[in-house]
Amino acid sequence: MITKYRRLPIGLSFIICHLSFSVALTSCADLEQTSISSVDKDDFYKNEADVRVALNGVYQVLGDGASSMNGPWNDELIFFNDLQSEYARRGTANSADITEIGDFAISPTNNFVRTAWLYRYTAINRANILIDKTENNQNIAEQARNNYVRAAKFLRAVYYFDLVRLFGDVPLALHDGEGEGQPRTPQDDIYRQIVSDLEEGEKITADFAPLTSDASSGAASALLAKVYLTWAQADTEYSLANQSQLYHKAAEAADRVIASGRYRLNDKFCDNWALDKKDNAELIFTVEHKFGVNRNVTGHCVFSTGFTNDRLPVIAALSNKLYDEFDPADQRRDASVAKRLWNPAKGEYFEFTRLRFRKYIDTLYMANFANPYESGQNTSSSVLRYADVLLVKAEALNEAGNTPSAEAYEALNAVRRRAYRNITTGDNNQPADGTTIDLAGLTKEQFREALQAERYKEFILEGNRWFDLKRWHILVKTIKERVPADDLKYKNISTRNYFLPLPNSQLVLNPQLKQNWGYQGETEGDPYAAKGWK
């Protein structure tokens with residue numbers, strides 16, 4: 001069993017940091033642990049307790065990076081995905097880096113770009129060391145040994161999946177000491193390794209993963225479904241030749257999650273962010289947060305200004321039109337955005353002139369904290385939810401066939417039924433526009449549009465939107481259609497924004513790395529437009 005909060009005793013934290021010290025300095029440009037003596041490595045990993053500490057070090061990066069605000073699931077993936085969307089913008093922020101992201105003006109020197117690369121390779125190197133030192137370690141019982149290695153491989157897959165979606169081709173390093181001067185590895189090879197690691201992760205035994213913040217067989221299958229779907233749409237040499245097969249594999253992996261019987265949709269959509277309902281049946285893999293330990297910075301960013309209309313929080317709604325895009329009968333509306341909130345300090349509702357994003361604002365325990373935004377920093381980050389598995393299955397089946405199948409409809413409609421469920425009576429509300437909850441009779445294209453609309457409403461501010469628009473190849477088109485022409489998001493968006501720039505610091509360290517197109521002033525030879533990406 002892994003400790004729920006990834007906070008380590010000071011001495012053990014030092015060991016973990018020491019084991020990855022040179023990575024923290026040079027990342028993939030120099031993955032060799034030149035600062036560590038052979039005694040340091042050889043004296044560690046002697047027993048299961050050592051390996052458990054090392055695995056905690058791999059987890060640790062998910063929640064707080066290198067003990068920094070901008071770890072992957074503190075706020076970084078929300079910034080990259082939701083600020084780079086059609087419904088959110090940067091509000092009051094004293095960070096030029098956040099402003100760059102929100103305005104589609106991101107540069108190779110952006111600090112979030114730098115740490116997105118650095119933290120993930122730090123974690124990957126920690127996983128690589130653990131795997132190398134544990135796979136044949138006879139001091140640890142076989143089942144425990146296998147579980148630790150499989151959990152490390154699951155986490156390595158999580159980090160590489162982020163990297164390939166953020167940057168495209170990235171160096172692939174699988175052992176301690178690899179990576180120095182290494183060029184970018186083609187995406188197909190990265191995806192193959194991710195699949196291999198997740199297939200190992202599917203073998204994790206149930207007793208090893210009691211919490212949603214633990215690597216588990218179900219989490220590996222759920223992520224594998226998403227990986228296959230994303231790979232199918234990556235327009236790489238392999239995916240273009242094997243797209244149908246990849247879609248079928250995505251649906252099959254989703255079916256393994258469904259058949260396990262371990263997961264289900266919550267009746268109340270908002271329970272997925274309730275502090276008193278963590279580890280509920282819909283959550284498959286989460287990053288656990290606790291104020292003062294590894295706080296969820298998104299909980300600060302969406303409510304940084306508290307109960308005032310004088311200025312906008314760090315992450316703000318682009319406009320109040322977002323509220324009206326939801327059917328009034330859809331329970332996701334009031335769980336995702338709020339026009340007003342209960343202020344426990346004054347015992348009354350406060351009306352906002354601009355919507356607030358609701359998921360990470362906790363009013364149940366707000367009165368217990370000095371500042372209203374602090375309680376939201378205890379909210380878990382949902383990396384994988386059961387609703388995502390259902391929608392991945394529905395999308396994969398639809399894309400693999402000529403017309404939507406009964407299974408595809410059932411998966412999509414299950415999410416819609418929950419959305420329209422009356423949380424008081426348990427009955428289904430009828431959509432106010434007179435349409436039916438269960439969709440039927442759609443063409444393949446109509447089903448695709450309906451599914452994309454469902455993902456839009458389901459995953460607001462959950463670190464999915466930019467990734468979705470990218471893989472559907474409609475990023476620029478969507479921003480141009482949905483964002484006002486006088487907004488910097490509209491003015492700056494271009495096909496270069498399909499990927500982040502590689503960090504300038506890494507290009508200096510490793511001349512073998514080549515920058516992504518569009519970040520050195522290129523105007524000709526657009527590889528994304530050539531693929532038909534809009």
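**Figure legends: the protein chain and two close-ups**

**View 1. Surface and overall fold of the protein chain.** The protein chain exposes about 20100 Å², of which carbon and sulfur atoms supply 49%; these areas come from the Shrake-Rupley method with a 1.4 Å probe, and for residues only the protein chains shown count as cover. This is a predicted model, in which local features need pLDDT of at least 70 and side-chain atom pairs count only at pLDDT 80 or more, while totals for chains, interfaces and linings use all residues. Residues are numbered from 1 along each chain as its sequence is written, and side-chain values use heavy atoms, with hydrogens and water left out. The C-alpha trace spans about 70 × 55 × 45 Å along its principal axes. Of the 534 residues, 62% count as buried (buried is under 20% relative accessible area, exposed over 50%, partly exposed in between, with a 1.4 Å probe and protein chains only).

**View 2. Helix 16, residues 386-400.** Helices (H or I, at least four residues) and strands (E, at least two) are DSSP runs, numbered from the N terminus. Because 14 of its 15 residues are buried, helix 16 is largely enclosed by the rest of the structure.

**View 3. Aspartate 310 in its loop.** Aspartate 310 lies in the loop between helix 13 (297-301) and strand 3 (315-317). With 69% relative accessibility, aspartate 310 counts as exposed. Its C-alpha atom is separated by 9.5 Å from that of threonine 353, 43 residues apart along the chain.

Terms used:
The expected span of a helix is 1.5 Å times one less than its number of residues.
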